[in-house]
Amino acid sequence: MSFISPFRFVIRALVFATIGFIIGSLLASLITGATGEPAEEPMLALGYAGALIGWLLGIGVWDVWAREWIGLQPRSLNAQSWHQYFRFSTDHKVIGTQYLVTFVVVLLLAGFLAMVLRVELAQPGIAFLSDQNYNTVMSLHGIMMIAVAVATIIGGFANFGVPLLIGADDVAFPRINALSYWIIPPVAILLLLTPLFGGFDTGWTAYPPLSTLGSSGTLLFLLAFLTFGLSSILGGLNFLATIVFLRAPGMGWSRMPIFVWSVFCAALISLTATQFVAAGLLMVMLDRVVGMGFFDSNRGGDALLFEHIFWFYSHPAVYIMILPAFGILLEVLSHFARKPVYAYRWVVASMFSIVLISFIVWAHHLYTSGMPDFLHIPFMVTTELISIPTGVIFLSALGIIWRGRLWLTTPMLFALAVVFNFLIGGITGIFLADVPTDIHLQDTYFVVAHFHYTIMGGEIFAIMAGIYYWYPKITGRMYNERQGRLHFWWMFISYNATFLPMFWTGVWGMNRRVADYTDNLADLNLIITGISFVMGASFLLFVYNMVSSSIRGPVAEANPWRARTLEWQTSSPPPEENFTTPPQVVGDPYDYGVPDSVHAVVSPSGGSSDGPAEGADRGA
Amino acid sequence: MALRKEQIVAHKPSRRDATLLGLVVFGALMAMEIMELVIGVRITPGALPLLVLLVVPGAGVIVWFFMHLPAVWGGEE
Amino acid sequence: MTTEHAVEHGIHSPEMRVKINRIGLWLFILSDAFFFVALISSRFYLHGTYRPDDLNQALGLGVSIVLLLSSLTVYRAEVAASYGDRAATQRNILFTIGLGLLFAVGVGYEWYEAFSHFPPSTGFGTIFFTLTGVHATHVFSGLIVLGFLWWLNRRGKYSSEETYWPVEGAAKYWHFVDVAWVLIYPTLYLVS
């Protein structure tokens, strides 16, 4: 019994989800029985809807929330024990940790799938996967990594970090916050079930007409994507309200840490643009399940519509990924170079320009899709335009490094690697923004290399910087610095050696999303496969370091980096209310080297358990 | 305590005024709807710009008076 | 001392909570509006300003007026709640639910007619059933919320000015559903 009790809410949720599935699918079979349509996919779709509701009620929405709707007193499921990680806890630190752990696991799973792909691609011809299985593995790798890229920072770090960085005791809507996390496990379960339903071969982009045909695995994928979008919307809403209302007294807009600004901008995008992909996926499902005619030209539809709607979300979505990564980058660079964020106001203005421009660049994904020609030039211009604010942020990073006294810890090394990788990713992006070169490079490994340089080299490296940077704050223990640096060099070198050659295979005509390629590329692909396994192995060291340090690592002090921002002025890990007394912000967060400058006054009388934090406010 | 109520309902009108406002807004919306129908049925090609001219203020009236959009910034200090 | 101060005037004070909730609801509405924008733009992308002849214009106008009227009643419920008038709140919530159900019946009848003129597997039918269906889903969720409100208001939950936020919130959501219809109605029935 005592073994079960920590998981009793999960078990209850699974039971409720089963009941919900049965109710939903029965309902669907009643409806389809009346009209005589095939019943399998409607049963899956409605059954899933029922299961999702059941799951959420079971995990704790009932106790924490729904009791209120019928006039009962809601119950809190927060507790000072590890049990709360397996139920509907509303503590933002718990939710942030849940997000981080979940998505590091998803990252490893999706990384494993990438290894499977590389084995298949080691030699031309079909080695061990069928075309359909290759496509399924490729699509799963894609959608899982997209989920990691979207949710790890804005779900994990933003949840854990933003309330601490702005001196609040929680987010604006703690229950919505918990909801946005607990929507994720059904998404993961659906995606893992897709191979049992025939897999799906659309890639993560789900273009019709392929996605309106094919096996039922496609439907599961569409449902999972839609649910994930809901989580993303709720997260964005929460952070906007949190940042607007819950800043500590004295923290004006110009004193906000740059990471908070970047989350604010990313939240703006995820609040609005995500609805477009939700609408697009709903249309695909209606075409598929009900037989409507959005994308079927026989029924008066147009498949190109989906690409417009999809990329209206999915291009801004890359800024949901990369903007908070820039936030972490500048944050870490500033603290470890002991210099203020260079051109702070320009960076904030650039982030907002990126948000605005990101909504008018989507059609650069459609240069070869048969879109009217007169749209090519406008979208080429806007796409090139967005590189200006991005360049400003990049220059700010260089400005921080310039003549700084760099403290080369693991997070700093990862941050510097972001600068290096993103430079390559950014420059190669120009060839894809320009119509003449893009028509040649579209759908080749050049594109694969480009976005892995921006999203993996830019964002995943920034996530790594963030994990190492906030590790002592989250776990209360210090990671092993030697292993951390080894992981960095191992991953950095093997990462570049894996993806740099892909620019050449792409230029030489290797198609993405295809299991086979021409024989002249065999040697290069064998090398890439070999090195990619070296890179995959580096993550094992990372996981070992994280797990073993959280158990045996030395106890971390409140402020091991002598950083000035607010999260370091409380104990590690922070108490449930974050700050024993509300902090009072009196100065800029990044005034390193300015004598007598103080960011915030945190009364030491509250007595944080890991020693007083006063004096830590001062610059190095 | 009195101040706090003021903050929750910024510039709270008298109940009679509020009722009157509701009726006026509803009347305006009805007029809009009927004009739309007339335009939609009579002007068969090219009704779109006229409809936009009617719909945008119509939706705006609901957002402004019924949903109290100004309270979003009016209630802030 | 400081903590007490924070509770009185800081983020945990009732008026601050209402402000936060209000902004949260507005953000939700903004987000949801994008969903309708996506669907409405699809209509113009796929079919331009094409309009079939067999739309039931009288019924379209009828349900629109019913929904506008329900906006008025929910507005009155909100005003009544803000003055602590429980009976009037109760009455107007009930009116709104009734009008909402009437609207749903109207749309249901339209669906019944539309099935024979332009079924969901045809070009215009696709748009028509999706837009009205998504909107009807919003109406139904609004009706469920109003049902809960009616139940809780009967038990005196929103009797004072400080606690009537749920009524205000539900009213805002209901108005938003109305605004969506104000845009959808000409998009489907009147554009040509």
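Visitor: How many salt bridges count between domain 1 of chain A and domain 2 of chain A?

Guide: This is a predicted model, where local features need pLDDT of at least 70, side-chain atom pairs count only at pLDDT 80 or more, and totals for chains, interfaces and linings use all residues. Side-chain values use heavy atoms, without hydrogens and water. A salt bridge puts a side-chain nitrogen of Lys or Arg within 4 Å of a carboxyl oxygen of Asp or Glu. Between the two domains the count is two.

Visitor: Which residue forms a salt bridge with Glu41(A)?

Guide: The closest N and O atoms of the pair are 2.8 Å apart. The partner of Glu41(A) is Arg288(A).

Visitor: What area is buried between domain 1 of chain A and domain 2 of chain A?

Guide: An automatic or database domain assignment sets the bounds: 12-69 for domain 1, 93-552 for domain 2. Buried area is the accessible area (1.4 Å probe) that two parts lose on being put together, summed over both. Carbon and sulfur atoms give 74% of it. The value is about 1,500 Å².

Visitor: Which residues of domain 1 of chain A lose the most area to domain 2 of chain A?

Guide: Together they make up 41% of what that side buries. They are Glu41(A), Tyr48(A) and Trp65(A).

Visitor: Is the pair of Phe264(A) and Phe352(A) stacked, edge-to-face or tilted?

Guide: Rings of Phe, Tyr and Trp (its six-membered ring) pair with centres within 6.5 Å; planes under 30 degrees apart are stacked, over 60 edge-to-face, the rest tilted. Here the centres are 6.0 Å apart and the planes at 55°, so the pair is tilted.

Note on methods:
Residues are numbered from 1 along each chain as its sequence is written. Chains are lettered from A and ligands numbered from 1 in the order in which they are written.
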